[in-house]
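Please keep the sequence and the model in view while reading.

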Amino acid sequence: GKVGVNYITRAQKAFTQTRNFTLLYGSVDDSKVRSNTTDASQVFGDLRLGYMINENIEPFIKGGYAYDMSYKKYGAVEYDAQRTKILKLKTDRSNYTYGGGLNLGFGQFQAALDYERLEGARGLKSNTYLLLVRYNF
């Protein structure tokens, strides 16, 4: 198993975007860009359980949970300009993963089959399939 925290931050200082061109019927003014700081953080836990049937075969199952600590609610509604309607913002901050697989080893050859299903915040769903084949020489 593993437990951890992911954290990133990005700070951008304010600046002035200078325009160095003119248009046929006028000019473009300089524009000021405000400073901005972005933070993203997540706490997570994963567990993987396997059973070694023999030296060559090990099936396993796995699951995990992640919680978005940096989510901030910026109001109750959001406007969708393409569909011209108001959307409600979802406040779901949880992501769940589950799956399983099989590790195989035959002499110099090793193989791993892995499947993971993510059911994430805001209705995100994803399937990941992995096939790994390795030869040790």
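**Salt bridges and the residues in them**

R117 has a relative accessible area of 15%, so the residue counts as buried. Its side chain meets that of E119 in a salt bridge, with 3.4 Å from N to O. The model is a predicted one, and the structure holds 3 salt bridges.

**Fold**

- The protein chain has 12 strands and 0 helices.
- Read from the N terminus, the elements run β-β-β-β-β-β-β-β-β-β-β-β.
- The chain has 137 residues, of which 15% count as buried.

**The pair R117 and E119**

- Side chains of opposite charge can pair when their charged atoms come close.
- In the salt bridge of R117 with E119, the R117 partner is buried because its relative accessible area, 15%, is under the 20% cut-off.
- E119 has a relative accessible area of 29% and is therefore partly exposed.

**The network around K62**

- Which residues are linked in a network of salt bridges? The network consists of K62, D114 and E116.
- K62 and D114 meet through their side chains in a salt bridge of 2.9 Å, N to O. This pair links distant parts of the chain, with K62 in strand β7 and D114 in strand β11, 52 residues apart.
- K62 also forms a salt bridge with E116, where the closest N and O atoms are 3.2 Å apart. Since E116 lies in strand β11 and K62 in strand β7, the pair ties together parts that are 54 residues apart in sequence.
- Is D114 buried or exposed? D114 is buried, because its relative accessible area of 18% falls under 20%.
- E116 has 27% relative accessibility, so this residue counts as partly exposed.

**The largest pocket**

- Rolling a probe the size of a water molecule over the atoms shows where empty space is left.
- The largest pocket holds about 270 Å³ of space. It is lined by 15 residues, and the closest to its centre are K2, D46, G63, T97 and E116.
- E116, one of the residues closest to the pocket centre, is also a member of the salt-bridge network with K62 and D114.
- Four strands each supply at least two residues of the lining: β6 (36-50), β7 (57-68), β10 (94-106) and β11 (109-119).
- Which strand gives the most to the lining? It is β7, with 5 residues.
- By residue type, the lining divides into 6 charged, 5 polar and 4 nonpolar residues.

**Surface patch**

- A nonpolar patch on the surface is formed by F106, F109, Y135 and F137, which together have about 560 Å² of accessible area.
- F137 is found in the segment after β12 (125-135).
- F137 counts as exposed because its relative accessibility is 88%, where exposed means over 50%.

**Residues apart in sequence**

- L118 is found in strand β11. With a relative accessible area of 21%, L118 is partly exposed.
- L118 and G63 are 55 residues apart in sequence, and their C-alpha atoms are 9.6 Å apart in space. G63 is among the residues closest to the centre of the largest pocket.
- Where is T18 found? T18 sits in the loop between β2 (15-17) and β3 (22-23).
- T18 has a relative accessible area of 52%, so the residue is exposed.
- From C-alpha to C-alpha, T18 and S31 are 6.8 Å apart in space, and 13 residues separate their positions in sequence.

Technical notes
Residues numbered from 1 in each chain as written. Predicted model: local features only at pLDDT ≥ 70, side-chain atom pairs only at ≥ 80, totals over all residues. Heavy atoms only, no water. 1 Å grid on protein atoms, 1.4 Å probe; cavity = no way out; pocket = protein on both sides within 12 Å on 5 of 7 lines; lining within 4 Å. Points joined across faces, edges and corners; volume = space filled by probe spheres on them. Nonpolar A, V, L, I, M, F, W, Y, C, P; charged D, E, K, R; others polar. Patch = residues over 30% accessible without salt bridge, like charges linked within 9 Å, V, L, I, M, F, W, Y side chains within 5 Å. Areas by Shrake-Rupley, 256 points an atom, 1.4 Å probe, with all protein chains shown as cover. Salt bridge = Lys/Arg side-chain N within 4 Å of Asp/Glu carboxyl O. Buried < 20%, exposed > 50% of the residue type's maximum accessible area, 1.4 Å probe, protein only.
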